[in-house]
Amino acid sequence: MSVLAVLIALFSLVPLGYVAYMTVATGWDTAVGLILRPRVGELLLNTLLLMAATIPLCLLLGVAGAWLVERTKLRGRRIWAVLLAAPLAVPAFVNSYAWVSAIPSLGGLGSGILISTLSYFPLVYIPAAATLSRLDPAIEQSAAALGLGAWRAFFRVVLPQLRIALTGGALLVGLHLLAEYGAFAMIRFDTFTTAIMTQYRSTFNGAAGNMLASVLVFFCLLLLMAEVRSRGTARYARIGSGVQGKALRLPLHAYQGPAQLFLLALTALAFGLPLFYVLKWILAGGADIWTASEFLPALLATFWYGLVGAGATIVVAFPMAYLAVRKPGWFSKSLELSNYVTSSMPGIVVALAFVTVSIRIVPGIYQTTGVLVAAYVLLFLPRALVNLRAGLAQAPKELDEAAQALGKPPLLAFIRVTLRLTAPAAAGGAALVFLAIANELTATLLLSPNGTKTLATEFWSKSSEIDYAGAAPYALLMILLSAPMTYLLFQQSKKVAGQ
């Protein structure tokens, strides 16, 4: 297992090696000149302003929604709990498509902030709600006994306990902002990802695009380091004896109405509006847009790549997860970190790495299914890794040893005990990877074999031609595929919280 894990870690560093190699190959003087261009400064300013506005807004909306659902006597809170997670079922580029349908003149920084916030605030809401639901109310009771009111207790006691959830959510939002292409291209808002794609199309694998990719990777690494440092060393787990009590829900009284209106407006803008315009364009297109010869190949290809990619990711992730659980230590943590570094890179950077490597080293594999699946594996490996690690932790090695003591060969004992106990976690990880692959756009556009059509690429092709009615069926199918996976993610967060 250790040898396999090392090989996987080395494989996962291919994109990072590509960025480093292209930076060195460009030459110091040329690289500095390309990076210090006014255009890069413009992209940098756009990125910083986008992140500076979107991340705090997502934190504010996510925490507010989680607090209302988990800590107040909000009417219909179980329904709101699901509705606040629902926007994750709508890909950001579909959200952008809906807003452009509503306001054709939409564009620029403000529009990018609006669409990003509505698309990504659930990434903060879900972990924040899970943390609040399992937070020991004793600390709030102690704060109240010391004379702190409800609001002062929240800011001084409860909010610091959400640090892990909030920093993790902020990291996910930041990485999505750096990686997103379709949503920003549709509203004509320039970011590093849109600029790299433009460079790629105009000058294939040019030095300017490679330098933009190196800056983008640098930002990703900064976000990872900032998240690690922001966790702190405080203890967030309850270690005392006794049973944890239930948190007291605060009555909203006169604020019940405003709270309901706030949540209604938020979910209507984030989920209701995209769904409304997708259905509106479907009705406008009529039966003609449901031509099976057009959407059926894209649907089948999406299923095929999703199933193959999910299966391959689970197989590749297993040695790493096994080593992390059965042989924990600095060695396994270092190997695991290499996967997270690569997965933090935008899909376009990973795709460019595979394009360069396949053309220069193994030309015969360029634009083949194997290369595309390999890119999916690197991009979404952590989704499988986290689930497998949790499943293996619930299958202690002592059970394997007991099976062997009863006369079963080691391999048979491993298959009948460990693999069977890990299967549910593997299935959950595979489902999340499938969801990510079904909605992936940039890597699929660059690496898919000629003639390949997926729901995401066909939606992008038709929406780019302003054929919004023709794009609507693909958008609806992506939402329908994503909705069950989003609900699964929500239910998993509740399960972790003991609900």
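Student: Why is Arg39 called partly exposed?

Tutor: In this predicted model, Arg39 has a relative accessible area of 30%. Buried means under 20% and exposed means over 50%, with partly exposed in between. The value of 30% falls in that middle range, and Arg39 is therefore called partly exposed.

Student: What makes the pair of Asp190 and Arg39 a salt bridge?

Tutor: The side chains of Asp190 and Arg39 meet at 3.3 Å, taken from N to O. A salt bridge requires a side-chain nitrogen of Lys or Arg within 4 Å of a carboxyl oxygen of Asp or Glu. The value of 3.3 Å meets that cut-off, so the pair qualifies.

Student: Why is this pair said to tie parts of the chain together?

Tutor: Asp190 lies in the loop between α12 (182-186) and α13 (192-202), whereas Arg39 lies in helix α4; these parts are 151 residues apart in sequence, which is why the pair is said to tie them together. As for Asp190 itself, a relative accessible area of 29% places this residue among the partly exposed.

Student: How do you know that Arg39, Glu42 and Asp190 form one network?

Tutor: The salt bridges share partners, and this joins Arg39, Glu42 and Asp190. A search of the whole structure finds two salt bridges. Glu42 and Arg39 both belong to helix α4 (residues 38-71), where they are three residues apart, about one turn of the helix.

Student: Is Glu42 buried, exposed or partly exposed, and what makes it so?

Tutor: Glu42 has a relative accessible area of 38%. Because this value lies between 20% and 50%, Glu42 is partly exposed.

Student: Why is Phe434 called buried?

Tutor: The relative accessible area of Phe434 is 12%. Since buried means under 20%, the term applies to Phe434. This residue is found in helix α21 (residues 410-438).

Student: Which residues does Phe434 touch, leaving aside those up to four places away in sequence?

Tutor: Phe434 touches Thr302, Phe303, Gly306, Leu307, Ala310 and Leu481. The C-alpha atoms of Phe434 and Ala310 are separated by 5.4 Å, although the two residues are 124 residues apart along the chain.

Student: Which residues have the most contacts inside the largest nonpolar core?

Tutor: They are Val94, Tyr97, Tyr125, Leu447 and Phe459, in a core of 149 residues. Helix α19 (residues 369-393) gives the most to this core, with 15 residues. Beyond its neighbours within four places in sequence, Phe459 is in contact with several residues, including Phe93, Met186 and Tyr474.

Student: How many helices and strands does the chain have, and what share of the residues is buried?

Tutor: The chain has 24 helices and zero strands. Buried residues make up 52% of the 499 residues.

Key. Residues are numbered from 1 along each chain as its sequence is written. This is a predicted model: local features need pLDDT of at least 70, side-chain atom pairs count only at pLDDT 80 or more; totals for chains, interfaces and linings use all residues. Side-chain values use heavy atoms; hydrogens and water are left out. A nonpolar core is a set of buried Ala, Val, Leu, Ile, Met, Phe, Trp, Tyr and Cys residues joined through side-chain atoms within 4.5 Å. Buried means under 20% relative accessible area, exposed over 50%, partly exposed in between (1.4 Å probe, protein chains only). Helices (H or I, at least four residues) and strands (E, at least two) are DSSP runs, numbered from the N terminus. Contact means heavy atoms within 4.5 Å.
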